[in-house]
Amino acid sequence: MSTKNITCASESGSTFSRTVKAEFAFIALPVSALIAPSAFAVRYLTVDQAQQAIFPAKSFTAAPVKLTSVQRKSIEQASGVRVLHDEQQVWRVSGGGWFIVDEVVGKHEFITYAVGLNADGSVKQIEIMDYRETYGGQIRDQKWRAQFVGKTSKATLKLDRDIKNISGATLSCRHITDGVKRLLAFYEIGLKH
Amino acid sequence: MHHHMKLRVSLATVVLLGVSTAHAHEAIFSWTYTTDLTPKGHGEFEQWVTTRWEKEHGSYSVVDFREEFEYGVTDNFQLAIYLNHHYVNANDDIPVADPAHPKRVLPGVFETGGEDVHAGHNPAKPFDSYHFESVSLEGIYRLLSPYKDPIGLALYFEPSVGDQETELEWKILLQKNWLEDRLVWALNVNYELEYEKEDDGYERDGMFEWFTGLSYRFVSNWSAGLEFWNHHEFADATVHEHSAYFLGPSIHYGGERWWATLGFLHQLPIGQAFSQDNKEFAAHDGYIFGDEHEKYYVRFRVGINF
């Protein structure tokens with residue numbers, strides 16, 4: 001995959017600051033303040049790089065979406081997956097399509113990934129932007145990611161059914177799969193119209 | 001031992017369905033096992049250090065060491081081999097039997113002894129020694145994964161062979177996750193048979209115990225939890241001697257290549273002695289000491305994945 005850039009919460013990263021905030025929202029322990037720097041991560045792809053990887057030579061217009069509680073509930077009902085953030089980072093792609101940056105819980109840290117949707121709402125491509133788990137680096141392999149291509153909100157998107165698992169990284173595979181399922185429901189409810 | 005290993009490997013090979021369900025065998029608890037295993041073809045080295053101290057009287061402290069190597073034979077079957085050794089420091093820690101009534105204690109009189117004090121040691125003198133205890137072989141076979149099935153389930157078998165005792169241990173491991181797998185609950189139900197060398201043969205002991213833990217990953221890489229342990233001892237594996245209870249917190253860090261867990265257990269003063277011998281010699285102020293237990297336990301585990 002492409003170059004490794006070290007980024008941190010202060011730079012380019014509403015994702016990272018959101019990561020920390022989301023986790024603090026659960027249990028705000030004083031100790032968290034001491035260990036928050038663990039949210040600094042190795043990033044395989046920046047937002048720009050992920051955009052170019054999925055939609056080469058296109059231009060992007062930021063169109064973030066803030067979900068209402070009704071939309072949030074509808075997405076959860078349609079996908080069966082809990083929505084952790086009210087704000088969704090979305091870009092409109094020139095010539096049709098959407099680019100979304102999202103994150104899911106990994107074994108140790110959040111996994112940031114990008115999903116490109118075609119104008120009809122089907123998955124064009126997914127890219128793992130950062131992944132720092134012990135096993136399951138194959139999650140970044142083109143072969144594993146290719147399983148999502150063409151999936152729509154009607155797809156099953158279940159591990160071991162239409163998505164293959166990776167040995168040693170069941171949790172990560174499961175959460176990425178759930179994440180894509182949730183984003184496809186988000187497309188239907190929050191982007192399509 | 002070798003026979004068991006061969007049997008388990010071939011069994012697992014036959015049963016294997018070619019479905020990957022593994023996750024890193026990372027211990028988020030200090031005592032309670034989860035159903036997470038080392039994936040096929042991967043290994044892990046673990047160092048355990050457990051300190052346990054304080055009995056009814058005097059001083060008593062043990063540091064248990066364990067060096068473990070784990071290997072994922074398949075994604076659902078893990079084998080481990082480990083060394084058990086410890087350092088013991090004891091002085092005037094156990095009650096003395098009344099010479100006129102051997103089933104009664106001599107009030108206020110103590111001597112040096114306990115399970116980890118070498119047989120033949122002069123009980124009037126303090127004991128301070130290191131001892132290599134045993135070598136253990138451990139096999140864990142997972143039937144259900146908590147990431148894909150409603151609950152995780154695994155079976156555990158472990159024989160240990162040492163110069164003083166031989167042990168066989170069976171466990172049923174259960175795991176249930178919530179909140180995107182950040183909240184983890186685990187339950188272990190254990191049975192252990194212990195054959196200890198005596199002058200005239202061996203003594204058989206049975207143990208039934210259960211461990212349970214609840215842990216939450218409160219920020220990236222860090223989990224904090226609570227563990228509970230209830231231990232039942234059976235003399236000759238038949239006579240119920242006592243039930244002892246323990247509770248304490250644990251904290252865990254998990255990174256890409258290594259993890260570490262620190263746990264503390266305090267014996268709760270709600271222990272019950274059932275046998276006459278244990279009522280007289282092991283129970284004290286609600287605690288159970290005897291040969292088996294201490295008041296405080298601290299365990300540190302560190303693992304390196306490769």
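This is a predicted model: local features need pLDDT of at least 70, side-chain atom pairs count only at pLDDT 80 or more; totals for chains, interfaces and linings use all residues.
The angle between two helices is taken between their N-to-C directions and runs from 0 to 180 degrees, with axes fitted to C-alpha atoms over the stretch in contact. Helix 4 (residues 69-79) and helix 6 (residues 170-191), both of chain A, pack at an angle of about 130 degrees, and their axes are 9 Å apart. Angles over 145 degrees count as roughly antiparallel and those from 65 to 115 as roughly perpendicular; helix 4 and helix 6 of chain A are therefore oblique to each other. Their crossing is right-handed. On the side of helix 4 of chain A, the contact is made by Gln71(A), Ser74(A), Ile75(A), Ala78(A) and Ser79(A). Helix 6 of chain A contributes Lys181(A), Arg182(A), Ala185(A), Phe186(A), Glu188(A), Ile189(A) and Gly190(A).

Chain A contains 6 helices and 8 strands, arranged along the sequence as β-α-α-β-α-β-β-α-β-β-β-β-α-α. Of its 193 residues, 44% count as buried. When contacts between residues at least 6 apart in sequence are considered, 63% of those in chain A join residues at least 24 apart.

In soluble globular proteins, nonpolar side chains tend to be buried together. Here, the largest nonpolar core has 46 residues, and those with the most contacts inside it include Phe99(A), Tyr113(A) and Val180(A). Among the elements of chain A that each supply at least two residues of this core are helix 3 (47-54), strand 6 (98-105) and strand 7 (110-117). Helix 6 of chain A provides the largest share, 10 residues. Another core, of 26 residues, lies apart from it and includes Tyr33(B), Ala244(B), Phe246(B) and Tyr297(B).

Val180(A) leads on to a detail of the backbone. Leaving aside residues up to four places away in sequence, Val180(A) touches Val115(A), Val123(A), Ile126(A), Phe148(A), Lys151(A) and Leu157(A). Leu157(A) lies in the loop between helix 5 (142-145) and helix 6 of chain A, and has a positive phi of about 50 degrees although it is not a glycine. Leu157(A) counts as buried because it has 25 C-beta neighbours inside 10 Å, the cut-off being 20 or more. In chain B, Leu179(B) also has a positive phi of about 50 degrees without being a glycine. Leu179(B) sits in the loop between strand 8 (165-178) and strand 9 (183-198) of chain B and, with 13 C-beta neighbours inside 10 Å, counts as partly exposed.

How values were computed:
Residues are numbered from 1 along each chain as its sequence is written. Chains are lettered from A and ligands numbered from 1 in the order in which they are written. Helices (H or I, at least four residues) and strands (E, at least two) are DSSP runs, numbered from the N terminus. Angles under 35 degrees count as roughly parallel, over 145 as roughly antiparallel, 65 to 115 as roughly perpendicular and the rest as oblique. A crossing is left-handed if the near helix is turned anticlockwise from the far one by less than a right angle, and right-handed if clockwise. Two residues are in contact if their C-beta atoms, placed from the backbone, lie within 7 Å. A residue is buried if 20 or more other C-beta atoms lie within 10 Å of its own, exposed if 12 or fewer, and partly exposed in between; C-beta atoms are placed from the backbone. A nonpolar core is a set of buried Ala, Val, Leu, Ile, Met, Phe, Trp, Tyr and Cys residues joined through C-beta atoms within 7 Å.
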